[in-house]
Amino acid sequence: MRTGKFPPNSDATKIALCPSALLAYCIPQMSNRDRSVSSVTKPNRSPAIAPHSARPALQPIDVTPSFKHKAYTALKDAIVSMDIYRNREDIRLDERKLAQDFGISRTPVREAMAQLESEGFVRLVPRRGIYVVRKTKREVIEMITAWAALESMAARLITQSASAEEIAGLRQMFSTFIDGKLRAHLDEYSNVNIEFHQAIIRLSRNLVLIDLAENLFTHMRMIRRKTIVEQDRADRSIRDHMNIIEALEARATDRAEKLVRDHALGLAEHVERFADYLD
């Protein structure tokens, strides 16, 4: 891997300076040397039969930052942080302006948009542009129902494998909001609420479950941020969380699983009754 500085005014230099693109990912790409070697015509010869223990001869790979992944991460973070359910107006994304703001070409932005479209965050409308996707009420309820299944299983696994210190960390999340302090910190509680549910999934230590839940919860966190301030849900939410933590601390597997599932399905019921703004 090359470790030298990027040349001045390169795309790498520009996107590295963008505050929205701090998380860097790498993908393998062919170096100039690899390209030149691959372009040389090789003699036509039959491949030798290698013994089973033989390993393929591999050339070193030049790894450089992927602007597509940088743009994808920045755009996804921006979309998730938006309050897209506050009003019904369409939210249109300008590909050209985004590229200018990032200081890169439009190609990685276009590639990032394609990935976000496949994940259901944006939609491309021919001859009109790219729009942030708002889920319908039915879609939101179906996502919450699927989440209830995943998170309740995670709670079951926590009672069997998580340490006492890890479970105690869940309780510590809510220390700021006891003794009537919840309403004074409602915005902060909204973020902690999201972190709590992510922690439940993470502490399951089931990598397949964690992977399934990741993209689903990214959609759900936007609707959680909206609903937490409705119909005294914040007060009921913190009570539910405390009951869940007590069940986890007691290693009460069936009770913890049921409490987590009922808590999630309570959100689904709330959306069904009150979230007319999703229609």
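These notebook entries record what I looked up in the structure, which is a predicted model.

**Entry 1**

Three strands make up an open sheet, ordered 3-5-4, and their pairing is antiparallel. I noted strand 3 (92–93) and strand 4 (122–125) as the edge strands, since each pairs on one side only.

I then followed the contact between strand 4 and strand 5. Strand 5 covers residues 129–132 and pairs with strand 4 in the antiparallel sense, over four bridges. Two of the residue positions were looked up individually. Val125 stands opposite Gly129 of strand 5, and Leu124 has Ile130 in strand 5 as its bridge partner.

How many residues lie between strand 4 and strand 5 in their hairpin? I found three residues between them, and Arg127 in the turn has a positive phi of about 65 degrees.

**Entry 1. Helix 5**

I next checked the length of helix 5. Its 13 residues reach 19 Å from the first C-alpha to the last, which is close to the 18 Å expected at 1.5 Å a residue.

I also listed the buried residues of helix 5: Pro108, Val109, Ala112, Met113 and Leu116. Seen down the axis of helix 5, these buried residues fall within an arc of 140 degrees, so they line one face of the helix.

**Entry 2. Aromatic rings**

I counted three aromatic pairs in the model. One of them joins Phe174 and Tyr189; the pair is tilted, with 6.1 Å from centre to centre and 50 degrees between the planes. Where do the two partners, Phe174 and Tyr189, lie in the chain? Phe174 is in the loop between helix 7 (164–172) and helix 8 (186–202), whereas Tyr189 is in helix 8 itself, and the two are 15 residues apart.

Are Phe174 and Tyr189 buried or exposed? I recorded both Phe174 and Tyr189 as buried. With Phe196, Phe174 and Tyr189 form one aromatic cluster.

**Entry 3. Salt bridges**

The side chains of Glu119 and Lys76 meet in a salt bridge at 3.7 Å, N to O. This pair links distant parts of the chain, with Glu119 in the loop between helix 5 (106–118) and strand 4, and Lys76 in helix 3 (residues 67–81), 43 residues apart. Both Glu119 and Lys76 are buried.

Asp276 forms a salt bridge with Lys137, and their closest N and O atoms are 3.3 Å apart. I placed Asp276 in the segment after helix 11 (253–274) and Lys137 in helix 6 (residues 137–161), 139 residues apart. The two partners were then checked for accessibility. Asp276 counts as partly exposed because its relative accessibility is 46%, while Lys137 has a relative accessible area of 9% and is therefore buried.

A further salt bridge joins the side chains of Arg156 and Glu257, at 2.7 Å, N to O. Arg156 lies in helix 6 and Glu257 in helix 11, 101 residues apart, and I again noted a link between distant parts of the chain. Arg156, at 23% relative accessibility, counts as partly exposed. Glu257, at 14%, counts as buried, because the cut-off for buried is under 20%.

I also noted that Glu95, Arg106 and Arg110 are joined into one network by salt bridges that share partners.

**Entry 4. Around Tyr277**

Which residue lies over the face of Tyr277? I identified Lys226, at 4.9 Å from the ring centre.

Arg88 is placed in the loop between helix 3 and strand 3.

Key
Residues numbered from 1 in each chain as written. Predicted model: local features only at pLDDT ≥ 70, side-chain atom pairs only at ≥ 80, totals over all residues. Heavy atoms only, no water. Pairing = 2+ DSSP bridges. Phe/Tyr/Trp six-rings, centres within 6.5 Å; stacked < 30°, edge-to-face > 60°. Buried < 20%, exposed > 50% of the residue type's maximum accessible area, 1.4 Å probe, protein only. Lys NZ or Arg CZ within 6 Å of the ring centre and 35° of its normal. Salt bridge = Lys/Arg side-chain N within 4 Å of Asp/Glu carboxyl O. Expected span 1.5 Å × (residues − 1). Arc of directions from axis to C-beta.
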